[in-house]
Amino acid sequence: MKLRGRYKIYHYNIGFINSDISNILKDFNSLSIHWMKHKYKDRMFADPFLLNIDEDTIDVLAEESIFLHKASSLVKLTISKKDFHLKRRKVILHTKKHLSYPYIIRNQNNIFLLPEHIASGKLDLYHYDEKKEICTFVKTIIEVPISDPCIYFKDGTYWLFGSKKGTDQEELYLWQSPNIWGEYTPKEGVLIKKTKKGSRMAGEIFTYNDKTYRPSQDCESHYGAGTIIWEIKNISQTDYQEQKVKSLYPTNTSPYPNGLHTINFKGNWCVIDGMRIQSDFWRGGLIRLSEKLGLNLFDH
């Protein structure tokens, strides 16, 4: 891809809201967002999932992307509740291909991750060892490149939500299985939604007051501009119905005013990510130089 004009960085950071789900759904923009403070200038953090919360700290699993590197890694971040400074960072999974969206599955006192690994052409399951803080490959769930996967259980069936490579900003697919670890069918999935405004997943499906909600991304103006939350009204082998409940967008006064594309909950805490589009003069210059020399050093 040739560089056109000034290079832009999509700079993400992680934010925390100390509030229950009812307030998020009622008046999101009135709530205080505490953005993670960290020392890094060469990377961003996105796609946060809440792992553990104790008296003093919050543990988050997230994507870490270093701006001049081709592949992203999955990291465990420990954040202080007192001032929201990043106290500790630990890489838990790194491959030569892009990793993101560390979707957490808690099963029989074990923790598994089903991350987006779309460049691999498949959806892989990993076991996460909390003591050693490492991920170990378990199995391939389905031989399809799925972005932002999420599994929802209802009436004896496991429903796998996700988008597919090439149409991941505008199409949502559904697979089903009697077993959480597969086999999910049909292999090609069933297309249940086709729109840039609310198809791609934006976090874990959650239940509140006996209602089930699906967070999604608004990609109409650009990728991950906001989050749209839907109530799932019906899901079966032949029918899927949902109703829009709430749209969440950053304010113009936010330090990350250009996007909000992940939201997750645990206890009385909500974690999101925010995005700021900014010019990147130095990376633009390096990309121009690499193109001139025929090196193709960067993904852009």
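Biologist: Let's start in β8: which residue is the bridge partner of N107 there?
Modeller: Happy to look, keeping in mind that this is a predicted model. N107 belongs to strand β7, residues 100-107, which runs antiparallel to β8 and is joined to it by 6 bridges. Within β8, the residue bridged to N107 is N110.

Biologist: And which residue in the turn between β7 and β8 has a positive phi?
Modeller: These two strands form a hairpin, with 2 residues between them.

Biologist: On to the next pair: in β9, which residue is the bridge partner of I111?
Modeller: Strand β9 covers residues 123-129 and runs antiparallel to β8, with 3 bridges joining them. The two form a hairpin with 6 residues between them, and G121 in the turn has a positive phi of about 85°. Looking along β9 for the partner of I111, we find Y128.

Biologist: Why is β8 described as largely enclosed by the rest of the structure?
Modeller: Strand β8 spans residues 110-116, which gives 7 residues to check. It counts as largely enclosed because most of these are buried, and the number is 6 of the 7.

Biologist: Now to T78: is this residue buried or exposed?
Modeller: T78 sits in strand β5, residues 73-80. Its relative accessible area is 12%. The cut-off for this class is under 20%, so T78 is buried.

Biologist: Which side chain does the side chain of T78 join in a polar contact?
Modeller: Beyond its neighbours within four places in sequence, T78 is in contact with several residues, including T57, I58, D59 and H85. A polar contact of 2.8 Å links the side chain of T78 to that of D59.

Notes. Residues numbered from 1 in each chain as written. Predicted model: local features only at pLDDT ≥ 70, side-chain atom pairs only at ≥ 80, totals over all residues. Heavy atoms only, no water. Helix = DSSP H or I, 4+ residues; strand = E, 2+ residues; numbered from the N terminus. Buried < 20%, exposed > 50% of the residue type's maximum accessible area, 1.4 Å probe, protein only. Polar contact = N/O pair within 3.5 Å; in protein donor to acceptor, adjacent residues only side chain to side chain. Contact = heavy atoms within 4.5 Å. Pairing = 2+ DSSP bridges.
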